[in-house]
Amino acid sequence: MAIPYAAQAGEHEQVEWLGGGVMQILLAGEHTGGDLAVFRSFAPAGAASPAHVHSREDEIVVMLSGSAVFWVGEQRFEVREGGVAFLPREVPHAYHITSDAEMLALSTPCGMENFFRGAGHDLRTPKPEGWSITPASMGKAAAENGQTIIGPPLGPDDVLDAGTGPLSAGAAYAAQADEHETLEWLGGGLMRVLLNGRHTGGKLSLFRSSATAGSASPVYVHSKEDEIIVMLSGSGIYWVGGQRHELSAGGVVVVPRGVPMAHRITSDAETVAVTTPSGLEEFFRAVGRDVRQERPDGWEVSFDVMAQASEAGGRTVLHPPLEADQMIPAELLGDPAEDLPQR
């Protein structure tokens, strides 16, 4: 099972990756009970993966900035800033970065972190003279981690020969920033549903939210899902059981199901949240306002509406929002929480 965990941007493991880019390992399997791993990468234009197949994991990529071409089986997607791509296991795929890019990537279940460690260079250690990622080193790391290299990197206008590898019944999916379901949320911010359970076979849901300083959630607890939050920009306070964490851009926090949590945004922020399994999207839809619909006079996300929707979806609202210097009341915690492990 997932464990409570938090880390700041400077605490993440980092490896040098394709084209001299950097791959940050935000979360590995030991933090998520094996459900998934989370990565943040910085890639220059022209960086490209070989054509390959995962036998164990589905892969998800969110384009935080820049653009890339993704090939998934016989499909080709051009994904720009704010877009998302879902790459199912057992489907041949590849990517080519078309403008300097920053990406958030997930694998479900975990495992890709060991591939990156095997083929990349750990930036905490001296770089051997002449070191580079080679087809041989990638092929070796891939074979050791359930992947198969089936072809060389592709140019932006090339076509992937999907017949060179197995093809599953998994459904690839891609969407641009303006195609996501979008809801008005706490404090007038926006909640974008990048992936729901229909896209991932119920494995997870993926959200991106913008929030203004001062917006805050009530104290609540999930009975069905683990939740992971990545701070893309801004800052916020996150309470996880008996712990309080002040996170800034690049920070991450894991909240296991059954552990009371809350948050308060301290400067305008962008965050990405993942829940495993899927389902939290129904709560957001019940409470939020679809921005395609006219906004009723006086509409707001109220504490009472959140409590009612939580109860219907297997969550419990325990307490109104906390002030910045407060802690979750001890009587809501049960057994005293232990300190979160640090990397």
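Visitor: Which residues of the largest nonpolar core touch the most other members?
Guide: This is a predicted model, in which local features need pLDDT of at least 70 and side-chain atom pairs count only at pLDDT 80 or more, while totals for chains, interfaces and linings use all residues. Residues are numbered from 1 along each chain as its sequence is written, and side-chain values use heavy atoms, with hydrogens and water left out. A nonpolar core is a set of buried Ala, Val, Leu, Ile, Met, Phe, Trp, Tyr and Cys residues joined through side-chain atoms within 4.5 Å, where buried means under 20% relative accessible area, exposed over 50% and partly exposed in between, with a 1.4 Å probe and protein chains only. The largest such core holds 34 residues, and those touching the most other members are Trp-17, Phe-39, Met-63, Phe-70, Ile-97 and Phe-116.

Visitor: Which elements give two or more residues to this core?
Guide: Helices (H or I, at least four residues) and strands (E, at least two) are DSSP runs numbered from the N terminus. By that numbering, the elements in question are strand 3 (22-27), strand 4 (37-43), strand 6, strand 7 (75-79), strand 8 (84-87), strand 9, helix 2 and helix 3 (135-144).

Visitor: Is Trp-17 buried or exposed?
Guide: Trp-17 sits in the loop between strand 2 (13-16) and strand 3. Leaving aside neighbours within four places in sequence, its contacts (heavy atoms within 4.5 Å) include Met-23, Tyr-95, Phe-116 and Met-138. With a relative accessible area of 7%, Trp-17 is buried.

Visitor: How many residues does the other core have?
Guide: Apart from the core with Trp-17 and Phe-116 among its members lies another one, and Leu-183, Met-231, Val-240 and Phe-284 are among its residues. Its count of residues is 30.

Visitor: How much space lies in the largest cavity?
Guide: A cavity is a set of points on a 1 Å grid over the protein atoms alone where a 1.4 Å probe fits but cannot get out, and lining residues have an atom within 4 Å of a point. Grid points are joined across faces, edges and corners, and a volume is the space filled by probe spheres set on the points. The structure holds three cavities of 30 Å³ or more, and the space in the largest is about 390 Å³.

Visitor: Which residues lie closest to the centre of the largest cavity?
Guide: Strand 20 (261-276) is one of the elements lining this cavity, and with six residues strand 20 gives the most to the lining. Of the 30 lining residues, the closest to the centre are Trp-185, Met-191, Glu-227, His-263 and Phe-284.

Visitor: Which strand supplies the largest share of the lining of the second largest cavity?
Guide: The second largest cavity has about 230 Å³ of space and is lined by 21 residues, with Trp-17, Glu-59, Tyr-95, Met-112 and Phe-116 nearest its centre. The largest share of this lining, four residues, comes from strand 9.

Visitor: How wide is the arc that holds the buried residues of helix 5?
Guide: In helix 5 (280-287), the buried residues are Leu-280, Glu-281, Phe-283, Phe-284 and Val-287. The arc is that of the directions from the helix axis to the C-beta atoms. These residues line one face of helix 5, because seen down the axis they fall within an arc of 155°.

Visitor: Which exposed residues does helix 6 carry on the face turned away from its buried side?
Guide: Met-306, Ala-309 and Ser-310 are buried in helix 6. They lie on the same side of helix 6 because they cover an arc of only 105° around the axis. Their cover includes helix 5 and strand 22, whereas the face turned away carries Asp-304, Gln-308, Glu-311 and Ala-312.

Notes
1 Å grid on protein atoms, 1.4 Å probe; cavity = no way out; pocket = protein on both sides within 12 Å on 5 of 7 lines; lining within 4 Å.
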